[in-house]
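Hi,

Here is the structure I promised to pass on to you. Have a look at it first, and then read my notes below.

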Amino acid sequence: MKHGIGSDDAETPELTVPVRKVCFIVAKAREFDVKVAVTEPDAGSNPTDDNEIAVLQDHDDDPVREELGSLISELSIDEQIDLVALMWLGRDDGEAADWEEVRQQAAYAHNKHTAGYLCGNPLLGDHLEAGLDAIGLSCGD
């Protein structure tokens with residue numbers, strides 16, 4: 001087993017969410033993170049004429065946001081809890097050795113708004129990847 005950053009004897013915790021799912025969510029979160037504020041809500045132009053720049057704007061009905069939210073909502077409760085705990089670890093709200101405690105706090109805080117909570121984090125992809133790294137895993141594995 002791999003070891004988390006800063007710990008020579010800690011074993012990688014057993015995640016209920018597969019690492020490949022976390023990595024896919026990281027990729028989708030990064031697609032969503034590059035969005036910018038809507039500058040012209042109803043441009044009325046043809047996407048081809050404006051070089052499809054509107055795809056980079058954060059519209060309320062953004063398909064990337066909807067896909068990311070759906071991906072997270074479709075995870076089991078345990079998988080959602082792991083995702084929140086990974087995000088918290090990734091934003092330095094604990095250490096790899098504290099995994100069980102961080103996961104318990106995530107379980108206690110879990111509700112039906114987990115997808116919205118995670119999607120509302122502007123650095124979700126970075127935090128999830130850092131969380132994986134903290135417990136000795138990565139998207140390159």
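**What I found**

Start with Asp82: its side chain reaches the backbone nitrogen of Thr16 at 2.5 Å. That is a polar contact, meaning a pair of N or O atoms within 3.5 Å; within protein, one must be able to donate a hydrogen and the other to accept it, and residues adjacent in sequence count only if both atoms are side-chain atoms.

Before going on, a word on the source: this is a predicted model, where local features need pLDDT of at least 70, side-chain atom pairs count only at pLDDT 80 or more, and totals for chains, interfaces and linings use all residues. Residues are numbered from 1 along each chain as its sequence is written, and side-chain values use heavy atoms, with hydrogens and water left out.

Back to Asp82, which lies in helix α3 (helices are DSSP runs of H or I, at least four residues, numbered from the N terminus). Asp82 counts as buried because its relative accessibility is 0%; buried means under 20% relative accessible area, exposed over 50%, and partly exposed in between, with a 1.4 Å probe and protein chains only. Leaving out residues up to four places away in sequence, Asp82 touches Leu15, Thr16, Val17, Trp99 and Arg103. Contact here means heavy atoms within 4.5 Å.

Next, the core. Which residues touch the most other members of the largest nonpolar core? They are Ile72 and Leu128, out of 31 residues. α1, α2 (63-73), α3 (77-90), α4 (99-109), α5 (114-119) and α6 each supply at least two residues of this core, and α3 gives the largest share, eight residues. A nonpolar core is a set of buried Ala, Val, Leu, Ile, Met, Phe, Trp, Tyr and Cys residues joined through side-chain atoms within 4.5 Å. Not counting residues up to four places away in sequence, the contacts of Ile72 include Ile25, Leu83, Cys119 and Leu124. Leu128 is among the buried residues of α6.

Finally, the cysteines. Searching the whole structure turns up one disulfide, a pair of cysteine sulfur atoms within 2.5 Å. Cys23 and Cys139 form it, with their sulfur atoms 2.2 Å apart. Cys23 is in helix α1 (residues 19-33) and Cys139 in the segment after α6 (124-134), so the pair ties together parts that are 116 residues apart in sequence. Cys23 counts as buried at 16% relative accessibility, whereas Cys139, at 31%, counts as partly exposed.

Cheers
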